[in-house]
Amino acid sequence: MPWRAERWPERLRRAWRAACVAARMAVGLPDYDRYVAHARRMHPERPPMTREEFFRERLAARYGRGRSRCC
């Protein structure tokens, strides 16, 4: 049975986390912790940006020079 009652708490937690991430992205608030996890996983040879550098870069990407992505 795919909709067993004991799985609901975990599904609700995942849905809440996804909704929070989506809401932050919708209002333009980037998630520094997710960035650090991504940077350490995908680019271990480079140190991640500091929190201040990250937010400065995100603001520039959003309002200054257009959209940018590392991968």
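His43 lies in the loop that joins helix H2 (32–42) to helix H3 (51–64); helices here are DSSP runs of H or I with at least four residues, strands are runs of E with at least two, and both are numbered from the N terminus. The structure is a predicted model, in which local features need pLDDT of at least 70 and side-chain atom pairs count only at pLDDT 80 or more, while totals for chains, interfaces and linings use all residues. Residues are numbered from 1 along each chain as its sequence is written, and side-chain values use heavy atoms, with hydrogens and water left out.

The chain contains 3 helices and 0 strands, so that its elements follow the order α-α-α from the N terminus. Of its 71 residues, 13% are buried, that is, under 20% relative accessible area with a 1.4 Å probe, counting protein chains only.

His43 is itself buried, because its relative accessible area is 13%. Its side chain makes a polar contact with the side chain of Arg46 at 2.8 Å. Such a contact is a pair of N or O atoms within 3.5 Å; within protein, one must be able to donate a hydrogen and the other to accept it, and residues adjacent in sequence count only if both atoms are side-chain atoms.

The largest nonpolar core consists of Tyr32, Tyr35, Val36, Ala39 and Phe54. H2 supplies the largest share of this core, 4 residues. A nonpolar core is a set of buried Ala, Val, Leu, Ile, Met, Phe, Trp, Tyr and Cys residues joined through side-chain atoms within 4.5 Å.

Terms used. Buried < 20%, exposed > 50% of the residue type's maximum accessible area, 1.4 Å probe, protein only.
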